[in-house]
Amino acid sequence: MVARNLELPDNLVESIAAIFDQAQLSVTNHKKNCVALYKLHRQAAAVAHTGKNGAIVRRVGERKFGDVFTGMVNQVLVVKKGHATADRVVRFLGSYVQFMNQKAAAEKVKDLNDPMRSISARLEDDADDTITSRFVLRLLNWLLEGFLAKNKIVRYRCVCIVSEMISHLGEIDEETYDLLKEGLIDRICDKEVFIRAHAVAALSKLAGSEGPDEVDPREKTILEVLVDVLSYDPAPEVRRAALISIPILPVTMDAILSRTRDTDALTRKLVYSNGLQTKIRHPRQLTIAQRELVIKDGLGDREPSVRVAAGKLVTSWFDIVLAEQSEADDSTWQGDDGGIMKGLLRFLALFDVVGPGEAVAVDAVLSIFVTRTNTPDAFVFPELYWKELTAESAVLARVFLEHCLSEKNEARLEAASLPVVTAFAFLLQNSYNALLHVLQDAENATSLNAGEPEDQEEVEKREEELAKKEVILGELLRMSLKLDFMDEIGRRKVFTVVKDMVAHPELPPGLINPCLDVLKEILPTERELIRVIVEIIVDLREDDNDINYVESSLLGDPDVTQTTTGKNKVSQRTKSREEMSPDERMEADITDMRCLLLCIGMLERVNGTFEDNSTLEGILADLIIPSVKRKELIMREKGLISLGLCCLIAKNMALGSFQLFFGQVQNAPEEVRLRVLQVIFDLLVMYDEEFFSRSDDVAQKITGYLVQTLESDDSASIQAILCVGLSKLMLTGILKDTKVLASLVLTYVSPNASTNQELIQCLSYFFPVYCYSSPANQARMQSVFLSAFDVFMRIRENVDDDREMITPLQFGLLLVDWTNPQKLAEIFKTELQSQRSHVEVAAGILGALYDSERS
């Protein structure tokens with residue numbers, strides 16, 4: 001029972017002041033001062049005025065204690081941010097509220113378990129109205145009033161104290177909870193960054209107490225408010241506070257992962273070091289797509305600190321997977337690596353190595369090799385490893401091989417017991433046979449179910465199995481490039497297998513380029529590579545399944561070539577397209593598409609001239625030119641790409657075909673135009689002297705047409721390709737036309753391009769590099785200053801109100817920054833005094849201001 005009508009201690013104010021004075025000096029004495037303050041609080045609470053019936057009328061002691069306490073706190077509220085003494089007092093306030101609630105809970109449990117007390121007394125003490133609840137409620141309401149103060153320091157301190165208290169408030173009534181929630185949400189919109197950051201931290205502590213049925217459907221939940229802050233707050237400090245505070249749940253995961261692309265490097269780092277590494281117990285809490293996004297963005301970040309944090313996250317995931325005992329491991333091979341290789345295979349299973357996630361998985365494994373440098377030392381490949389290859393184990397073997405070669409660690413490769421070239425050739429053969437078996441099964445299933453719908457589940461299963469076999473074979477082909485082909489028997493065997501693969505009409509398109517890389521590595525010259533591929537194309541178009549090659553001439557003496565073999569062999573079909581049935585035409589189109597893919601892959605690997613490889617003439621006349629004339633978009637696109645590659649090794653052909661490519665840009669659909677523009681810019685870079693140096697009229701027509709297309713075309717992709725191509729021509733010095741530069745500047749600030757991220761990224765890099773790399777380039781930018789500004793103002797006047805565009809001040813600052821001679825490359829710093837670009841800009845602006853003809 002609380003005693004009544006006692007006197008307050010004479011030194012109450014001095015005692016509380018002494019406690020606060022000690023609390024501000026060090027946090028180590030907070031526990032002792034909480035005990036002393038609570039003792040004073042209990043003594044003061046015992047002083048109360050009672051009525052005739054014994055009921056409490058006025059709690060004089062509690063009121064007095066509260067007045068003194070808030071008076072002490074009031075001294076802290078005006079102390080500016082950064083003072084350690086004030087920060088210690090704020091922490092002390094949170095500690096005291098926590099201490100009071102702990103004491104109240106302990107006394108409540110003790111009284112409830114006391115058998116000597118009556119039931120009525122227990123129920124009385126079980127009431128919500130206690131010394132602690134009354135004190136916390138008064139203090140909280142008083143602080144909430146400070147949320148609306150005009151002084152930003154008072155608002156900041158009030159929010160800080162509430163943030164310290166909020167985890168230890170105990171039970172509060174619904175009205176106070178709503179006031180607290182509304183007050184914190186209002187402070188999230190405060191104009192001061194540091195207030196918003198602390199409000200976010202405080203509000204996040206209420207997220208767990210909010211039930212889904214307690215929120216009005218028209219209002220946002222606390223989690224939704226935090227997600228909005230994390231995604232849209234302009235201050236990185238506030239976004240970081242939200243990132244640290246927000247819980248990882250399915251509804252918040254996308255917003256958290258989106259911060260891997262945040263503009264602030266520290267925020268991106270916190271996603272990995274604080275968010276994912278500490279709050280996620282297992283990587284499988286994320287979906288495969290989310291895991292790949294996290295690793296791709298982290299390991300590919302431009303900031304070293306972010307890459308290091310992402311590497312630590314990858315290593316922690318590997319440790320988690322390594323500690324697991326896999327029950328689904330069907331492999332029978334056993335290594336003496338301590339389980340590291342199988343652990344890495346389970347780690348690779350976290351990613352979609354069969355699909356687009358292969359590159360991400362490779363980067364993740366390489367990150368582990370870099371972080372744990374002794375991991376590759378444990379690799380030993382038993383014979384069963386190669387007999388039981390899976391997509392993951394094939395990728396792991398290839399990554400290990402490439403890593404050792406990049407590190408020039410041949411001793412580690414020898415210790416790993418990798419197969420020799422001949423054995424590797426048989427591995428290729430077995431893998432190729434397995435792929436053919438899957439293809440045959442699919443063909444048989446299609447024949448058996450002719451005219452009837454196939455089971456979709458079975459179809460998906462076959463497609464998945466085919467994709468796995470394709471990955472395994474592709475990885476083996478990539479490993480083949482790293483082999484030592486001094487072994488003649490192994491080299492011949494590898495050539496035979498790869499040649500048969502390329503000649504197979506149903507080889508998956510994804511394996512064509514790896515096969516061509518291996519053939520280029522094996523064959524002695526480019527001419528032999530061209531001859532082999534041309535013969536394969538001819539035989540495919542003739543539908544001849546008995547393909548015979550003179551292997552001895554190809555793999556024998558490297559000095560002996562047979563460029564004339566098959567020179568007179570044409571690839572034209574014996575039956576014209578009009579004479580074919582619809583099914584035959586479809587088969588012919590499929591064959592032509594495969595031949596074009598082979599042709600493109602071959603031409604991409606050729607560095608010699610067209611004239612030195614006469615076997616290409618038949619392919620050009622009978623396959624490429626007819627494909628360019630086709631109406632089908634995909635055929636015409638591949639034909640134009642092939643023709644463009646031929647032009648890169650044939651100058652006269654390029655000059656004669658250039659008008660054809662320009663015509664396609666004018667009339668073709670967007671997909672074809674994109675490819676043609678790439679071809680055009682490749683030709684302009686390759687033959688710059690022929691197009692730009694010999695005739696000013698031709699050069700002006702080309703640049704004028706490209707600039708006109710850039711300014712008039714509405715396609716974002718076309719604009720991006722044009723900006724990339726023109727930027728390359730400007731950077732290399734091939735183009736020096738100021739009209740092109742002005743057009744690029746205006747395109748950069750145009751509201752039409754504001755959502756074209758590829759274009760914005762290209763030009764954001766181009767302008768600083770172009771202007772700071774040469775005084776001449778900076779002079780060109782200075783020469784277009786006023787004319788570009790005039791056009792910009794006219795564009796701005798005609799822009800609709802609902803479209804955003806930078807201000808004239810921002811545009812002017814951009815141009816002033818690009819023409820700043822102090823930012824020139826170091827090589828030109830010695831000539832700094834002679835650079836007058838800013839002087840010329842200033843003179844031009846003054847002249848424009850006094851020009852009476854300007855409006």
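Leaving aside residues up to four places away in sequence, Asn820 touches Gln778 and His838, a contact being heavy atoms within 4.5 Å. The model is predicted, so local features need pLDDT of at least 70 and side-chain atom pairs count only at pLDDT 80 or more, while totals for chains, interfaces and linings use all residues. Residues are numbered from 1 along each chain as its sequence is written, and side-chain values use heavy atoms, with hydrogens and water left out.

Asn820 itself sits in the loop between helix H39 (808-818) and H40; helices here are DSSP runs of H or I with at least four residues, numbered from the N terminus. With a relative accessible area of 15%, Asn820 is buried, where buried means under 20%, exposed over 50% and partly exposed in between (1.4 Å probe, protein chains only).

Ile845 comes out as partly exposed, at 35% relative accessibility. Together with Leu846, Leu849 and Tyr850, Ile845 makes a nonpolar surface patch of about 490 Å². Such patches take residues with over 30% relative accessible area and no salt bridge, joining nonpolar side chains (Val, Leu, Ile, Met, Phe, Trp, Tyr) within 5 Å and like charges within 9 Å. A salt bridge is a side-chain nitrogen of Lys or Arg within 4 Å of a carboxyl oxygen of Asp or Glu, and the areas come from the Shrake-Rupley method with a 1.4 Å probe.

Now for helix H33 (residues 696-712). Its 17 residues should span 24 Å, and its end C-alpha atoms are 24 Å apart, which agrees; the expected span is 1.5 Å times one less than the number of residues. Among the buried residues of H33 are Ala699, Ile702, Tyr705 and Leu710. Their cover includes helices H30 (651-667), H31 (670-686), H32 (688-693), H34 (716-731) and H35 (738-749).

Aromatic rings come next. Rings of Phe, Tyr and Trp (its six-membered ring) pair if their centres lie within 6.5 Å, and planes under 30 degrees apart count as stacked, over 60 as edge-to-face and the rest as tilted. By this rule there are 30 aromatic pairs. One of them, Phe20 with Phe69, is edge-to-face, at 5.4 Å centre to centre and 70° between the planes. This pair links helix H1 (residues 12-23), which holds Phe20, to helix H3 (residues 60-76), which holds Phe69, 49 residues apart. Phe20 is buried at 6% relative accessibility, and Phe69 is buried at 1%.

Key: Helix = DSSP H or I, 4+ residues; strand = E, 2+ residues; numbered from the N terminus.
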